[in-house]
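Colleague: I am new to this structure. Could you take me through some of its features?

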Amino acid sequence: MTTAQPAMRRGAPGSGSLALNLMKLRTFIALFAVLAFFSITAPNFLSAANLILMSKHVALNAFLAMGMTFVIVTGGIDLSVGSIVGLCAMTAGGLILNGLDLHIGYTVYFNIFEIIGVTLGVGLLIGALNGFLITRLNVAPFIATLGTLYIARGFALLSSDGATFPNLVGKPEFGSTGYGYLGAGRLLGLPVVIWLLIAVALAAAYFARFTPLGRQVFAVGGNERAAALSGIRVTRVKMFVYMFSGFCAAIVGLVVSSELMASHPATGESFELNAIAAAVLGGTSMSGGRGTIGGTIVGAFVIGILSDGLVMMGVSSFWQMVIKGLVIIFAVVVDQAQRRLQQRVALRQMVRD
Amino acid sequence: MTPPDNDVVLTLEAITKVYSGTVAVKHADFEVRRGAVNVLVGENGAGKSTLMKIIAGVERPTSGRIVLDGEPIDFTDAADAARHGVAIVFQELNLFGNLSVAENIFAGRELTRGLLGVDHAQQERRAGELLARLEAGVEPGALVEDLRIGQQQLVEIAKAVSLDARILILDEPTSALSASEVEILFRIIGDLKARGVAIVYISHRLEELIRIGDFITVLRDGRVTGRERIADVDVAWIVRQMIGSASKDFPKTQVHAPGEEAFRSEEVCLPRLSGGYEVDHVSLSVRKGEILGIYGLMGAGRSEFFDCVMARRPHATGRVYVEGRLVTERDVAGRIRRGLALIPEDRQREGLVSLLSVAANLTMASLHKFLIGFHISGARERKAVSAGVRDLSIKVADPAQEVSALSGGNQQKVVIGKALMTNPKVLLMDEPSRGIDIGAKAEVFRTMRRLAAEGLGIIFATSDLDEVMALSDRIAVMSNGRVTALVERSDANEAGLVAASALGRSVATQARA
């Protein structure tokens with residue numbers, strides 16, 4: 001979880017104490033623990049095919065969780081991501097299958113790149129709507145995104161009257177074929193999705209650490225008043241994080257519908273909860289100011305591997321839910337313990353100085 | 001000293017209170033008499049609040065004794081003190097804005113009808129009676145957050161009165177009241193006195209003290225410097241006891257000729273919600289290399305003036321010039337670009353992001369300086385950070401350490417460093433020495449001197465007389481939102497500044513206004 005520390009924090013001297021260091025690495029430890037556990041208990045768990053399959057599952061949640069991480073770091077929450085996934089899946093599916101009916105006797109068909117662009121635009125737009133409600137109209141993030149959760153899901157259902165857009169092979173005459181490549185294609189032996197995840201994760205981690213806007217996300221989350229007084233445009237920062245979250249959700253919508261070669265309006269229901277869980281498991285503080293992209297990715301892998309591994313072991317899906325809940329709560333309890341320990345160490349250091 | 005008499009209900013004997021390293025009160029004696037107004041007076045930081053908190057059981061003395069009705073007593077907490085009949089009205093209001101006036105007055109001791117729950121009707125009736133006595137003009141059912149600040153203060157006083165306290169502590173009760181409300185308060189105080197209540201009264205408004213007080217105790221730097229009957233003293237005596245003769249040791253003024261004008265404000269106004277102005281037509285200027293000290297008491301409008309200059313108050317009017325050019329930017333970021341920078345009074349809430357490292361805090365406001373394209377150059381940033389740490393001698397082993405691990409003085413230096421990295425032309429500093437120890441204070445002051453010598457225009461606000469006298473090239477005094485005096489350092493004297501800082505605050509002038 002060092003990929004995206006908001007600032008240079010290479011091993012502060014004297015912050016030693018083994019327990020503290022172990023706690024700081026807890027997400028990695030958890031990751032290795034689940035990997036080790038399942039490689040012993042579940043047959044074929046460590047086979048390349050299975051690992052790649054799991055990574056593809058994890059990737060969906062990881063995209064959402066990255067967007068969620070920035071939102072949570074600013075002290076907000078984005079409940080609408082699951083619905084954005086659904087709406088974007090329907091957008092892409094509808095455009096491939098039916099084009100855009102202008103209601104004046106013409107229908108516009110886009111090529112596949114335009115469709116992807118429009119879909120990403122829809123995600124950004126709903127993110128911008130969230131940001132607008134939160135920054136300009138002062139709606140609490142929880143409420144604003146709860147509202148857009150329903151709105152986006154409603155439009156997703158309206159777009160097809162609740163039906164599925166099947167068989168998204170596209171039409172060669174409009175250049176809209178090849179949609180399946182995104183979800184099923186491979187590049188240098190790895191699924192395209194995995195490459196996409198790596199690219200977005202690296203970009204996000206770089207952004208958090210080496211761009212002014214990225215740094216400002218952490219400042220705003222840590223102390224909004226101080227950030228504003230330092231000349232940081234808080235509104236712009238918040239607009240950005242919600243738009244990025246919408247963008248990530250749009251990617252997931254594209255990937256899911258591409259994998260299935262079909263769009264269903266219920267796609268992405270309750271995805272937002274998994275994304276929040278991954279971010280929290282990765283050390284993102286719900287009160288803002290703290291969180292890393294690296295941590296969140298690891299968190300997403302822990303959750304994903306846990307559920308896939310339990311399936312392979314044949315554990316009932318009901319028990320899986322109980323176990324997932326326990327892991328999340330345990331992670332937060334350890335997080336709090338680490339804070340306290342860290343404070344004690346800092347105080348001891350102050351006394352020594 | 002007056003001889004002991006049986007009117008004394010509570011005595012503090014040789015009280016000393018030490019907070020992590022700093023001594024707030026040293027061997028202070030204080031007597032509280034029943035049926036009298038016992039005045040406590042002193043500059044900010046003289047130890048009044050500490051003494052008051054000890055009486056109210058909020059703080060426990062490090063050494064010394066509290067005697068109540070001739071018996072030594074040890075208040076374990078505020079509730080314990082309240083059981084012994086001590087009630088306190090803090091300057092910072094402790095009300096629940098989301099609850100009604102009546103609910104606030106009876107908070108924590110609700111009138112109930114057994115299992116039927118809170119008797120709201122009864123509470124509102126009793127609250128109504130209390131408020132009628134205070135002539136507050138407040139409905140018991142109104143939400144506290146809908147009240148003006150003066151009315152809230154009256155609610156707080158009503159709450160204290162409702163406790164039937166034997167000892168009632170009032171900390172600056174008039175600071176938010178209008179002239180007529182002050183008159184009502186004084187009538188209530190007279191009424192309580194007649195019923196034998198002992199009142200501890202803290203205020204900066206000296207004329208008010210002379211009018212309402214019976215006994216006065218003056219504190220300076222945690223020591224009691226004078227105890228008299230009010231009848232035997234005058235304002236000049238109080239000021240003398242407050243200031244003392246020996247001045248604290250501050251770095252001497254480096255003589256340098258100030259340059260051309262760096263900053264000018266014209267007619268800066270900030271309307272108050274309840275009418276009048278929080279900042280009342282303030283026109284000030286400071287030249288390059290000059291330090292302008294704004295002396296004033298809490299609530300004089302100093303911080304609000306700075307807020308207006310930094311465009312943090314949308315309703316502010318007036319004009320601000322930097323180096324002779326009108327500042328038209330309407331947001332903080334724009335003002336910073338124009339060369340203005342503010343060191344806020346409240347470091348924790350407005351100055352620092354305590355979760356982040358020293359380095360991140362230092363560079364927070366000036367990240368664009370380290371950019372290559374859109375990339376923050378780590379090398380450039382590290383260079384700037386280490387230069388900042390060195391220039392301000394911030395004591396930190398590694399700039400990657402969290403800023404919350406630093407001492408108050410070093411935290412303040414980080415805030416100053418952050419402001420300096422924006423290359424300001426004018427530095428606004430609100431109480432730059434608040435909450436830092438003597439050694440760090442001296443360093444901060446030396447830094448201010450050095451920066452001025454380098455050509456920065458500095459305006460700093462303080463409520464510490466010694467500080468303003470020692471550091472400023474010119475001194476402006478603010479009171480009630482207005483500039484009431486503007487003098488060269490050489491022409492300034494302490495008594496004159498104190499008098500100017502009380503202008504428009506005294507009851508007499510308020511009544512006239």
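What follows is a short exchange about a predicted model.

Colleague: How do helix H3 and helix H12 of chain A lie to each other: roughly parallel or roughly perpendicular?
Modeller: H3 of chain A covers residues 48–73 and H12 of chain A covers residues 271–281, and their axes are 8 Å apart. The packing angle is about 65 degrees. Angles of 65 to 115 degrees count as roughly perpendicular, so H3(A) is, relative to H12(A), roughly perpendicular.

Colleague: How many residues of the contact of H3(A) with H12(A) are nonpolar?
Modeller: H3(A) contributes residues including A:Leu64, A:Met68 and A:Ile72, while those from H12(A) include A:Phe271 and A:Ile276. A:Asn61 and A:Thr69 of H3(A) and A:Asn274 of H12(A) also take part. The contact has no charged residues and 3 polar ones, and its nonpolar residues number 10.

Colleague: Is A:Gly170 buried or exposed?
Modeller: A:Gly170 sits in the loop between helix H6 (141–158) and helix H7 (180–184) of chain A. Beyond its neighbours within four places in sequence, its contacts include A:Ile96, A:Ile112 and A:Tyr179. A residue counts as buried with 20 or more other C-beta atoms within 10 Å. A:Gly170 has 21, so A:Gly170 is buried.

Colleague: How far apart in space are A:Gly170 and A:Gly180?
Modeller: In sequence, A:Gly170 and A:Gly180 are 10 residues apart. Taken from C-alpha to C-alpha, their separation in space is 9.7 Å.

Colleague: How far apart are the C-alpha centres of domain 1 and domain 2 of chain B?
Modeller: In chain B, domain 1 spans 8–243, and domain 2 is made up of 261–356 + 424–512. The distance between the C-alpha centres of these domains of chain B is 30 Å.

Terms used:
Residues numbered from 1 in each chain as written. Chains lettered and ligands numbered in written order. Predicted model: local features only at pLDDT ≥ 70, side-chain atom pairs only at ≥ 80, totals over all residues. Domains from an automatic or database assignment. Axes fitted to C-alpha atoms, helices over the stretch in contact; angles between N-to-C directions. Helix = DSSP H or I, 4+ residues; strand = E, 2+ residues; numbered from the N terminus. Parallel < 35°, antiparallel > 145°, perpendicular 65-115°, else oblique. Contact = placed C-beta atoms within 7 Å. Nonpolar A, V, L, I, M, F, W, Y, C, P; charged D, E, K, R; others polar. Buried ≥ 20, exposed ≤ 12 C-beta atoms within 10 Å, placed from the backbone.
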